[in-house]
Structure formats: structure tokens, C-alpha cells
Amino acid sequence: MRVVFLEVDTESQWAMASLGAAFLGAELRRHGHEAVLVRATLKMSDADVVEALRQAQPGLIGVSMTTRQWLRARHLVGVIRQHLDVPVVAGGLHATFSPEAVLAAPGFDFAGLGECEEAMVDLVAALEASRSPHGIANIWVKGGFRPVLRKPVEPIDRLPFAARDLLEEPIGTVQVSTQRGCPFPCTYCGARMFNELYEGTGEYGRRRSHENVFEELRGLREAGRLSYVIFLDDTFTIHHPWVKEFCRRYKEEFAVPFCLHARVETVNQPMLEMLAEAGCKQITYGVESGSERVRREVMKRPVTNQRFRDVFQWTRQAGIFTIANYMLGLPGETRAELDETYALAEELDSFDFGFFVFYPYPGTHLFTLCREKGYLPEDYLMRPANHRQSILQLPDLTQADIDTVYDQFTELRARQERARSGWYSVPAVEHAYVVARNG
Ligand code: B12
Ligand code: SF4
């Protein structure tokens with residue numbers, strides 16, 4: 001069967017195609033199916049999207065969704081189904097944590113919950129053989145019962161490498177993930193929720209072997225595509241023995257510059273030096289708030305501001321650029337605490353940073369808290385999820401408070417950009433990634 005993955009863009013400048021589709025596409029091809037990508041760019045009208053899909057001749061349309069993509073995806077799928085008689089399956093974080101809402105929307109036939117490589121193959125096989133799709137683990141059929149989950153794929157090396165042609169990466173820059181899952185309990189994080197989803201079913205946190213990662217990199221090098229690696233793992237530096245061995249072998253065999261994400265609690269000075277020697281050029285740290293109280297009580301991140309100061313200093317000393325991410329407008333946050341966040345951002349003086357107005361992603365602890373406390377509007381699923389406007393009615397903060405600090409951040413970033421312009425330019429994809437990630 002020919003499965004067409006529809007990528008629903010919500011940004012024009014930095015949007016990237018979904019990794020989920022690239023993983024599913026690789027597994028589908030291994031089972032003899034075809035997988036192609038159709039990208040609904042912002043410039044395309046509804047009619048353009050329908051026409052592109054018609055030409056791609058799908059037997060099944062797959063839509064990978066984060067909450068951010070949900071509203072446009074919902075609209076497009078509704079329109080598509082008025083013109084094309086092709087079943088639609090949704091997957092990804094939004095479908096996993098809001099499956100009822102997805103299946104209630106016109107045009108969606110199935111919602112894939114959690115890790116779906118094997119489930120997609122089973123669904124396609126059932127559709128091809130005109131068998132009932134009911135009873136396939138991880139696949140919720142419209143009108144049916146919530147499915148059971150199969151165990152996460154183990155060992156994870158069993159999965160094929162992501163289908164690069166479904167990612168539309170700029171030549172030379174590759175996005176690689178070496179692990180799935182994150183062991184930390186951050187209350188705002190959508191990524192973390194996969195670990196909780198699988199509690200009682202199996203361990204979601206798994207890491208690929210070095211050899212498996214290097215085999216993928218070798219293939220990319222042979223194809224002439226390896227000049228910069230973006231490691232997408234939520235926290236690359238979790239397991240020190242793995243990271244040490246990685247650095248030793250990567251330096252010897254590849255020595256291609258790379259960037260990664262880390263938590264300040266998971267690095268130390270020797271590790272940063274080792275990463276720098278292996279080719280690490282940039283680390284993105286989630287700082288999130290400048291208030292230790294907000295981090296400890298609201299986010300479950302009991303780390304001190306001093307730790308951030310130290311780690312940013314060590315990172316710079318090792319010759320690695322620091323990138324920070326901040327969030328504004330958390331439940332329970334006060335205006336004074338927002339000011340603390342801005343003050344810490346100024347003090348840390350990272351090479352670049354992202355700043356996002358907090359959005360409560362379905363499935364997260366803060367989503368539940370916001371709903372229970374009445375901060376979340378009833379019609380939240382019909383409102384755009386963006387990183388500029390708060391969706392919440394917060395007791396201690398107004399949108400004007402958030403706007404003021406957001407504008408300060410905008411200005412700080414512009415000042416920093418002006419200061420460094422002319423002597424360094426961040427590669428486009430990497431820059432997009434910095435701006436985009438809210439992890
Ligand atoms: C890489 C990444 C990006 C990349 C690429 C994202 C992409 N399109 O895949 C970029 C930089 C573009 C990006 C942008 C953003 N991101 Co981002 N990103 C990630 C990150 C770090 C890794 C994703 C990854 O590697 N996935 C690996 C694959 C294997 O996992 P997967 O995507 O879940 O796919 C599996 C299943 O979900 C399922 N599946 C996936 N697709 C489909 C489709 C079908 C049909 C089926 C059946 C199943 C299925 O099967 C897959 C294989 O097992 C995640 C964190 C995380 N760990 O998920 C955050 C994350 C997905 N991003 C997040 C956010 C908030 C954003 C931004 C809104 C940031 C911002 N403030 O602007 C934007 C929004 C982008 C958009 N268009 O909506 C949140 C999403 C929360 C939510 N519930 O929506 C996450 C979880 C981070 C977090 N800490 O909360 N992001
Ligand atoms: S925010 Fe980062 S460290 Fe925290 S749970 Fe999510 S991925 Fe893990």
C-alpha cells in the first residue's frame with residue numbers, strides 16, 4: 001500500500017517535517033509498502049493540499065500531530081475527506097494524548113497511540129486485506145474502544161534508520177536521535193508523558209547501541225550528507241558511560257561538528273571538555289524559569305540558579321556555544337518571578353535563547369492542574385496553541401504582564417544578535433531548532 005504522510009506546517013520559516021513519519025515510513029518500506037511525504041506549506045490553499053494528495057495517490061493518509069499542528073490539521077483533514085475517499089490515521093503526541101477529540105473531528109478514522117512503527121504495519125496489512133482494523137494494539141478505531149498498547153520495541157536497534165527523504169533536511173545537516181524517552185519528571189513536558197503512558201506496559205526509555213548510531217552516520221557520510229549533526233535526544237547526557245564511549249569513538253571516526261540538548265544536572269566540567277573535543281559546538285539547556293521556587297514547586301526541577309551559572313561558564317570555557325530556553329506565564333507564577341526569569345537570562349548571557357509563553361500540553365501534569373484550577377478555557381482545543389499568547393486565565397498574572405516581559409526578551413535577543421552579527425552565523429536548521437524547541 002502507498003501511505004502518504006501529510007505534514008501540516010504551522011510556521012513558514014523554520015518548520016521541519018515530522019520525525020515520526022520518517023520512522024514509520026522506514027518501517028513500512030521494510031514491509032514492502034510505499035511511503036511518501038506531502039507537505040502542506042503555509043502558502044498552499046486547501047485546494048492545493050487536496051490536489052497534491054490526489055496526485056500522490058494514497059491508500060492511507062497519515063498525519064503526525066503535535067498540539068501546535070492540531071487546529072490546521074483538523075481543518076485540512078475535514079476538507080480533504082470531502083474530496084478524497086481515503087482513510088486517515090493520526091498519530092504523534094496530540095493524537096496520543098487527545099485521541100477522543102481527534103476521533104470526534106470529521107475525517108479522522110484512526111488514532112495511533114504511542115510508538116506506532118509496528119502498529120502502522122498491522123493497520124496497513126488489515127486495510128489491504130479488507131480485514132477489520134479493530135483489535136490492533138495502539139490503533140484506536142473511530143467508534144471503537146481504547147486499544148491496548150504493545151510493549152515499546154526492544155531492543156530499539158531493531159528499528160530501521162529514519163527515512164531521510166521524508167524529512168526534507170538541508171543537504172549536510174542531519175537530525176539523529178539516539179534514544180527515546182526521558183527519565184525526568186518535568187510537569188510541563190509533553191515528551192516525558194510517553195514514559196508515563198507506558199507505565200505498567202514496558203520501559204519506554206531506551207538507547208541505541210553506539211554501533212547502531214555509527215552505522216547510520218556512516219551511511220549518511222557515504223551518501224555525502226554528513227557535515228553537521230543535530231542530536232535530538234531530550235537529554236543527550238543522561239548516561240555518562242554511554243556518552244564517554246560515544247565521544248571516544250565519534251572523535252576517532254567522524255569528528256563532524258554536532259549539537260545536543262542537556263540538563264544542567266547531567267553535565268560536569270570533564271564531560272563538557274570531552275564533548276567539545278569530540279566536536280560538540282553547541283548545547284541547548286532548558287532554564288525555563290529564573291525563580292527557584294517556580295522550578296521546584298511548579299516544574300519539579302529542583303535545581304539552583306548557581307548551577308546554571310556554573311554550567312554556562314564551564315560550557316563556554318570548553319568552547320561550546322550555550323543556548324537557553326525560557327518559559328513565561330506558568331500557573332502560580334507571579335509578576336516578580338517573571339522578572340527573575342528575565343534577570344537570569346540577562347545574567348547567563350547565552351549565545352542565543354528561545355522564549356515561549358507557557359502552553360499546557362494535553363497529557364502533562366500542568367495540563368491537569370490548569371484544568372482542575374479552572375485556568376484552562378473549556379474550548380481550549382479550538383484555540384490556537386502558539387508561543388506568544390497565553391491560553392490560560394491565571395490568578396496572579398495578566399497577559400499584559402506576560403507581554404511586558406516577552407517584549408523585554410525580544411529586545412534582549414535583538415541586542416545580542418546585533419552584537420554578534422558579522423562574525424558568526426548560526427546554520428539555518430540549528431537556528432530553527434533553537435527557536436522552535438520548548439523542551
Ligand atoms: C525534534 C523536535 C522538534 C523538531 C521537529 C518536530 C517534528 N515535527 O517532529 C522541531 C524543531 C521542528 C520542533 C518544533 C516544535 N516543537 Co518539538 N520536539 C522535538 C522533539 C525534541 C523530538 C521529536 C522526536 O525526535 N521524535 C522522535 C519520534 C520517534 O517520536 P514521535 O515524534 O513521538 O513519533 C512516534 C509516535 O508519536 C508515533 N507517531 C508519530 N507520528 C505519527 C503519525 C502517525 C500517522 C501515526 C500512526 C503515529 C505517529 O509513532 C512515532 C514512532 O514511534 C520532541 C520531544 C520528544 N521527545 O518528542 C519535541 C516536542 C515534540 N516539541 C514540542 C513543541 C512544543 C514544539 C514547538 C511548539 C516548539 C515551539 N514552542 O515553537 C514546535 C512545534 C512544531 C510544530 N510544527 O507543531 C513538544 C510537543 C508537545 C505537544 N504535545 O504538542 C515536544 C514533546 C517537546 C516538549 N518538551 O514538550 N520540535
Ligand atoms: S523537559 Fe527535558 S528534562 Fe524535563 S522531562 Fe522533558 S525532556 Fe526530560
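1. Basis and numbering. This is a predicted model, in which local features need pLDDT of at least 70, side-chain atom pairs count only at pLDDT 80 or more, and totals for chains, interfaces and linings use all residues. Residues are numbered from 1 along each chain as its sequence is written, while chains are lettered from A and ligands numbered from 1 in the order in which they are written.

2. Confidence. The average pLDDT of the chain (the predictor's confidence in each residue, from 0 to 100) is 93, and 95% of the residues score at least 70. Over residues 424-439 the pLDDT is below 50. Beyond near neighbours in sequence, this stretch still has 34 contacts in the model, a contact being two residues whose C-beta atoms, placed from the backbone, lie within 7 Å.

3. Domains. The chain is divided into domain 1 (2-141) and domain 2 (169-436); such bounds come from an automatic or database domain assignment. Taken over C-alpha atoms, the domain centres are 27 Å apart. Domain 1 puts 14 residues into the contact and domain 2 puts in 16. On the side of domain 1 that touches domain 2, α3 and α4 are the elements that give two or more residues. Helices (H or I, at least four residues) and strands (E, at least two) are DSSP runs, numbered from the N terminus. By class, that side of domain 1 has eight nonpolar residues, five polar and one charged. Here Ala, Val, Leu, Ile, Met, Phe, Trp, Tyr, Cys and Pro count as nonpolar, Asp, Glu, Lys and Arg as charged, and the others, Gly among them, as polar.

4. Ligand 1. The shell around ligand 1 holds 41 residues, with Gly20, Gly62, Gly91, Gly112 and Gly190 the closest; a residue belongs to a shell if its C-beta atom, placed from the backbone, lies within 6 Å of the molecule. The elements that give two or more residues to this shell are α1 (19-30), β3 (60-64), α3 (67-83), β4 (88-91), α4 (93-97), α6 (117-128) and α16 (428-436). The most come from α1, with five residues. The shell has 19 nonpolar, 17 polar and five charged residues. Where does ligand 1 lie relative to domain 1 and domain 2? Both domains give residues to its shell, so ligand 1 lies between them.

5. Ligand 2. Eleven residues surround ligand 2, and the closest are Cys182, Cys186, Cys189, Arg192 and Asp234. Five residues of this shell are nonpolar, three polar and three charged.

6. Val63 is in strand β3 and counts as buried, with 31 C-beta neighbours inside 10 Å. The scale is: buried if 20 or more other C-beta atoms lie within 10 Å of the residue's own, exposed if 12 or fewer, partly exposed in between, with C-beta atoms placed from the backbone. Leaving aside neighbours within four places in sequence, Val63 is in contact with Leu6, Val8, Ala73, Val77, Val88 and Ala90. Glu27, in helix α1, is also buried, with 22 other C-beta atoms within 10 Å. With the same exclusion of sequence neighbours, Glu27 is in contact with Glu117, Met120, Val121, Leu159 and Pro160.

7. Helix α10. Leu272, Leu275 and Ala278 are buried in α10 (residues 269-278). Seen down the axis, the buried residues of α10 fall within an arc of 125°, so they line one face of the helix; the arc is that of the directions from the helix axis to the C-beta atoms. These buried residues pack against α9 (240-253), β12 (280-288) and α12 (305-317). Just after α10, Gly279 takes a positive phi of about 125°.

8. Backbone points to check. Most residues other than glycine have a negative phi, and most peptide bonds are trans. A cis peptide bond, with omega about -5°, joins Glu154 and Pro155; Pro155 lies in the loop between β6 (139-141) and β7 (173-176). Ala255 is not a glycine but has a positive phi of about 50°. Ala255 sits in the loop between α9 and β11 (258-262) and counts as exposed, with 11 C-beta neighbours inside 10 Å. Glu288, not a glycine either, has a positive phi of about 70°. Glu288 is in strand β12 and counts as buried, with 27 C-beta neighbours inside 10 Å.
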